[in-house]
Amino acid sequence: MVSEKDLELDNTVQAFQESLLEHVRYSIGKAWTDLLPRELFYAVALAARDRIMDRLLETEDRYRQSDAKRVYYLSMEFLMGRSLGNNLINMGAFEVCRDALIEMGVDFEEVREIEPDAALGNGGLGRLAACFLDSLATLDMPGFGYGINYEYGLFKQVIRNGSQKEDPDHWLAYGTPWEIKRPDYACQIPVYGRIESAQGGQFQYHPNWKDAKIVIGVPHDFPIVGYGGRTVNYLRLYTASSSQEFDMDIFNGGDYMKAVEQKITSETISKVLYPSDSVKSGRELRLMQEYFLVACAIKDIIRRYHKTHDDFQPFASKVAIQLNDTHPTLAIAELMRVLIDEKELDWDAAWETTQATFGYTNHTLMAEALERWPVSLLEQVVPRHLQIIREINRRFLERVAMVWPEDFERAKRMSIITEDGDPQVRMAHLSIVGSHSVNGVSALHTELVKHSLVPDFYQLWPEKFNNKTNGVTQRRWLLKANRALAKLISSTIGDGWIMELDELRELEQYAEVKQFQQEFRSIKHANKERLAKVIKDTCAITVDPDSLFDVHIKRMHEYKRQLLNCMRIIHDYFSLVEDNRTPVVPRTYIFAGKAAPGYWAAKQIIKLINNLGQVINHDPRANEYIKVVFIPDYRVSLAEKIIPAANLSEQISTAGMEASGTGNMKFAMNGALTMGTLDGANIEIKEEVGDDNIFIFGLTAPEIQAMREANSYNPWDYYYRDARLKRVMDSLNSDRFNPGEPGLFNWLFYAILNYGDHYYHLADLPSYIEAQERAGQEYLNQEEWSRKAILNVARTGKFSSDRTVLEYAREIWNIKRYMRNVE
């Protein structure tokens with residue numbers, strides 16, 4: 001075991017410099033004077049990784065000696081961002097590394113900027129997973145992630161002529177210093193083929209999986225450093241490789257091209273995050289990815305379990321598996337397959353173990369986002385798993401029939417497999433049936449899951465359902481992303497908030513202290529100046545740091561209502577240039593976010609944002625008061641620059657459609673006021689920060705539900721009733737914001753007015769305009785705005801992912817903390 005004294009001796013400027021120079025010579029193979037910038041980053045990261053590895057090995061030894069129950073977090077994405085700064089901060093080596101490099105004539109920030117974001121995720125789902133891993137390690141809990149080691153990630157977003165274009169994001173082009181390859185733990189994963197029946201001893205059914213192709217899953221460990229460096233867990237990522245033995249048989253037989261094709265096909269599995277499902281080949285590849293992930297994870301979990309246990313009776317007392325949405329749901333069928341086919345448990349024992357092992361987190365209320373897989377595709381790709389799912393469904397429907405005899409409609413609603421048309425497997429239903437816990441991610445979301453999304457399941461198993469409001473790690477989103485504010489907070493109330501975010505409450509007493517307000521404003525202004533430089537460098541647009549930075553950054557989707565924001569900007573522009581109403585405060589409207597490549601409407605909204613910028617930013621009547629900016633290629637490292645600079649945070653989804661949101665928490669934690677609907681975690685933020693310190697507008701979820709049920713919403717009524725709305729809509733039906741591109745945005749006019757305005761833009765736009773006018777008026781009083789912003793920071797303690805993870809650990813996973821013994 002590495003002693004605390006040894007770790008302290010290792011954490012000096014001289015020791016870091018010696019380690020760095022050693023890696024330059026022996027790992028990079030160059031002289032110091034010949035290093036390329038990316039090679040310097042690589043050497044610095046390797047010097048940091050050396051210190052991480054000692055602690056990772058000690059952590060594993062600690063868990064093993066305690067025979068600790070472990071939780072495994074299965075997710076299709078982990079949005080990790082950059083790791084160098086985060087790891088150094090958590091190890092307590094940030095200043096040591098910075099000072100070491102300064103003495104060697106190197107700009108530390110330039111080195112940090114070289115690191116690419118790990119392209120392992122896209123939106124809130126992946127970033128939540130990353131925050132949870134940080135909290136698990138910081139809390140000294142045995143928690144590990146399982147994912148896919150995507151070579152290209154989602155895509156690199158570029159804007160050409162105002163439109164999103166997708167370029168490959170080859171983040172692994174030069175490798176990464178953080179991953180440790182573990183070829184000894186590679187998994188053989190069977191896919192395709194057919195199932196032949198056979199009889200075993202005592203007339204038991206023994207399926208034989210014939211003619212399967214074999215894909216190899218090669219693990220790479222991505223260290224997760226907890227704050228203080230006591231505990232280092234890991235995220236295990238799998239790269240797909242072809243089966244060498246199989247390929248060589250074909251190759252040696254002379255069919256060289258087929259051998260190469262088979263290798264390429266196998267390795268495609270881990271190439272890209274979320275391949276397009278608009279074509280059959282894309283759907284098949286996406287299913288292959290989901291199965292590949294869970295099959296590798298289950299094999300690895302069982303391999304580790306077997307190191308200390310032979311009997312599967314205590315499996316669920318030593319293993320917890322959390323499904324992050326429905327993408328990893330096949331893990332339920334895979335564990336059943338292994339327990340029955342390979343470990344020869346009977347069905348009842350295997351099912352009891354499986355249900356006790358799995359927990360399921362639902363992240364969406366939108367029907368199109370609840371995965372369904374055609375039975376025909378499952379039969380082609382994973383034939384044995386389909387057999388198991390059918391048997392799970394048969395037994396489940398027997399249970400339903402016992403509780404509700406003769407209620408055939410209810411059985412049809414609850415069935416895991418649909419009966420109409422092309423039969424499909426409902427993955428959310430399988431997740432609920434196969435798990436002992438089903439949780440939502442905000443108080444409102446959980447109630448909607450129970451009473452609107454799956455009420456039949458809630459009636460059957462009310463004890464399964466629970467809420468776990470999301471959180472974010474303050475180590476990345478405040479301590480790392482906003483180091484000046486973190487320093488001000490720590491110098492004022494101490495640094496206990498880094499581990500116990502509730503301690504930020506101590507800031508409340510400083511909210512009206514003039515000196516503290518001035519320092520707080522000065523930090524915010526410096527962050528705005530930094531972001532203004534980013535905008536100038538990436539968008540060639542000059543923005544005023546003294547203007548109100550009004551920020552809307554998130555995945556592009558109609559329900560997140562970037563379009564509503566655009567409509568409000570159009571209104572503000574017309575009020576200025578046609579009505580001669582000067583805005584009470586100049587604003588810079590800042591957007592960022594990616595649209596799925598096949599999501600035409602979302603990509604059109606990106607085009608609209610950029611066209612608004614083209615018109616407004618070049619209009620001398622307006623550009624002194626209004627600027628519109630779309631920053632391309634939204635990612636974690638960009639968010640770390642935008643969020644600390646925001647004055648106003650746009651969280652304006654249609655009420656009842658956002659599960660939680662975590663961007664709203666990050667903004668409030670950094671002193672931005674929220675402009676939001678009563679949706680997702682906005683409701684809980686409002687409860688925490690106080691009604692006077694947040695701007696709420698729009699219809700509530702029950703009001704929208706009532707309008708839907710009564711079919712009483714007619715967008716034309718709002719159009720004719722309010723001249724402001726009519727002017728905005730008419731501009732979309734003209735070429736006002738698309739000169740030279742006739743009719744480009746006409747579809748928006750007809751989609752909203754003739755096809756029902758599914759996201760209630762016109763219903764909410766008047767109250768949105770009024771709420772924005774209140775925000776502008778309040779921003780004029782900088783002392784009052786500062787007070788409200790400081791109170792937002794002070795009252796975000798609930799929204800730490802540490803709190804969320806502790807609730808999961810106590811109420812779902814039943815895992816404990818294993819503290820490091822200090823020598």
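Which side chain meets that of R736 in a salt bridge, and how far apart are N and O?

Modeller: It is E578, and the N to O distance is 3.1 Å. Bear in mind that this is a predicted model.

Start with where the two residues sit. E578 is in the loop between α23 and β18, and R736 is in the loop between α30 and α31. They are 158 residues apart, so this pair links distant parts of the chain. R736 is partly exposed, with a relative accessible area of 32%. E578 is partly exposed too, at 38%. The cut-offs matter here: under 20% is buried, over 50% is exposed, and partly exposed lies in between.

E578 has another partner. Its side chain meets that of R727 in a salt bridge, at 3.1 Å from N to O. R727 belongs to helix α30, while E578 is in the loop between α23 and β18, so the pair ties together parts that are 149 residues apart in sequence. R727 is partly exposed, with a relative accessible area of 22%. As a general point, side chains of opposite charge can pair when their charged atoms come close.

Now the helices around these pairs. Take α23 first, which covers residues 562-577. Its 16 residues should span 22 Å at 1.5 Å a residue, and its end C-alpha atoms are 23 Å apart, which agrees. Of its 16 residues, 16 are buried, so α23 is largely enclosed by the rest of the structure.

Next, α23 against α30. Their axes come within 10 Å and cross at roughly 105°. That makes α23 roughly perpendicular to α30. On the α23 side, the contact residues are M567, I570, H571, F574 and S575. On the α30 side, they are R724, R727, V728, M729, S731 and L732. By class, this contact has six nonpolar, three polar and two charged residues.

Then follow α30 to α31. Helix α30 spans residues 723-732 and α31 spans 746-753. They pack at about 135°, with their axes 6 Å apart. The two helices are therefore oblique to each other. From α30, M729, D730 and L732 take part. From α31, the partners are N746, L748, F749, I752 and L753. This contact divides into six nonpolar residues, one polar and one charged.

How do other salt bridges look? The count for the model comes to 68. One of them joins E784 and R787, with the closest N and O atoms 2.7 Å apart. This one is local: its residues lie in helix α33 (residues 782-794), three residues apart, about one turn of the helix. E784 counts as partly exposed, at 27% relative accessibility. Elsewhere, salt bridges form a network that links R182, D221, R236, D300, R303 and R304.

Ten of its 13 residues are buried, so α34 is largely enclosed by the rest of the structure. Among the buried ones are R803, Y808, I812 and W813.

Last, two loop positions. T308 is found between α10 and α11. It is partly exposed, with a relative accessible area of 45%. Its C-alpha atom is 8.5 Å from that of R64, although 244 residues separate them along the chain. A540 is in the loop between α22 and β17. At 62% relative accessibility, A540 counts as exposed. A540 and A119 are 421 residues apart in sequence, and 26 Å apart C-alpha to C-alpha.

Back to your part, then.

Terms used: Residues are numbered from 1 along each chain as its sequence is written. This is a predicted model: local features need pLDDT of at least 70, side-chain atom pairs count only at pLDDT 80 or more; totals for chains, interfaces and linings use all residues. Side-chain values use heavy atoms; hydrogens and water are left out. Axes are lines fitted to C-alpha atoms, for helices over the stretch in contact, and angles run from 0 to 180 degrees between N-to-C directions. Helices (H or I, at least four residues) and strands (E, at least two) are DSSP runs, numbered from the N terminus. Angles under 35 degrees count as roughly parallel, over 145 as roughly antiparallel, 65 to 115 as roughly perpendicular and the rest as oblique. Contact means heavy atoms within 4.5 Å. Ala, Val, Leu, Ile, Met, Phe, Trp, Tyr, Cys and Pro count as nonpolar, Asp, Glu, Lys and Arg as charged, and the others, Gly among them, as polar. The expected span of a helix is 1.5 Å times one less than its number of residues. Buried means under 20% relative accessible area, exposed over 50%, partly exposed in between (1.4 Å probe, protein chains only). A salt bridge is a side-chain nitrogen of Lys or Arg within 4 Å of a carboxyl oxygen of Asp or Glu.
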